Amino acid sequence: MEGPGMTPPDLDIHVEPPPGWAQIQQEPDDDGSVLLAIAPQSWAEELGLRPNLVIGLGAPTQESVRAVATQTAATLLAMGPGHRMIAWDLWQDDAGRRLLSTWPSGDALVCTTTWLRLEGDRPLSLTATVDSDRYLRVMPLISACVDSLRVQRPPSPEAKNA
């Protein structure tokens, strides 16, 4: 699945969504753009929080992936009372990071996992949000989707004309 009309012209992304998931609308953050957001196609309100995965591309930076991940963690912790960083580790290799955080929302505990790496000078993030009641069932599906991520730079116009 690709994000039609949402991908910058210098970057193509592709993921294989979990079965029954489809693209949803998502507003971009102040400092970046949403490339793609996916969630289960049907979700009854009484089920609570709808699991989702949002792929975003941040503003250009000169920072290292470690510095960007530290800033992301600080932002998560500053969001409000009860926000906690649970885990921080490498994603794929030393070029990526994975952050797991939680916070209370009503009578639910919300869990987010953010996978982060740099594409050129721009932070690429994949953020999964799911409640703790469904975490162990949903996260393997989302992790497989993240593992399917392919990022390509389309040929430049000069290369097409050559």
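I am working with a predicted model, so I kept an eye on confidence throughout. I looked up Cys111 and found a relative accessible area of 8%, so Cys111 is buried. Cys145 comes out at 1%, so that residue is buried too. I then searched the whole structure for disulfides and found zero.

**Confidence.** The mean pLDDT is 85, and 86% of the residues score at least 70. Helix H2 (residues 135-147) has the highest confidence, at 95, while helix H3 (residues 157-161) has the lowest, with a mean of 60. Over residues 3-7 the pLDDT stays under 50, and the model has 11 contacts for them beyond four places in sequence. Where pLDDT is low, the predicted coordinates should not be read in detail, so I left that stretch alone.

**Strand E4.** How many residues of strand E4 (residues 52-58) are buried? I counted seven of the seven, so the strand is largely enclosed by the rest of the structure. For a partner I found strand E8 (residues 122-131), which pairs with E4 in the antiparallel sense over six bridges. Leu53 stands opposite Ala128 in E8.

**Thr114.** Next I visited strand E7 (residues 108-119), where Thr114 sits. Its relative accessible area is 5%, so Thr114 is buried. Which side chain does the side chain of Thr114 make a polar contact with? I found Thr127, at 3.1 Å. Beyond four places in sequence, the contacts of Thr114 also include Arg97, Arg98 and Leu126.

Leaving out residues up to four places away in sequence, Leu126 touches, among others, Leu53, Ile55, Trp91, Trp115 and Val146. I then listed the largest nonpolar core, which has 22 residues; Leu35, Leu53, Ile55, Trp115, Leu126, Ile142 and Val146 touch the most other members. Strand E3 (32-40), E4, E8 and H2 are the elements that give two or more residues to this core. H2 gives the most, with five. I also noted a second, separate core of five residues, including Ile24, Val34, Ala37 and Ala39.

Key
Residues are numbered from 1 along each chain as its sequence is written. This is a predicted model: local features need pLDDT of at least 70, side-chain atom pairs count only at pLDDT 80 or more; totals for chains, interfaces and linings use all residues. Side-chain values use heavy atoms; hydrogens and water are left out. A disulfide is a pair of cysteine sulfur atoms within 2.5 Å. Buried means under 20% relative accessible area, exposed over 50%, partly exposed in between (1.4 Å probe, protein chains only). pLDDT is the predictor's confidence in each residue, from 0 to 100. Helices (H or I, at least four residues) and strands (E, at least two) are DSSP runs, numbered from the N terminus. Contact means heavy atoms within 4.5 Å. Two strands pair if DSSP finds at least two bridges between them. A polar contact is a pair of N or O atoms within 3.5 Å; within protein, one must be able to donate a hydrogen and the other to accept it, and residues adjacent in sequence count only if both atoms are side-chain atoms. A nonpolar core is a set of buried Ala, Val, Leu, Ile, Met, Phe, Trp, Tyr and Cys residues joined through side-chain atoms within 4.5 Å.
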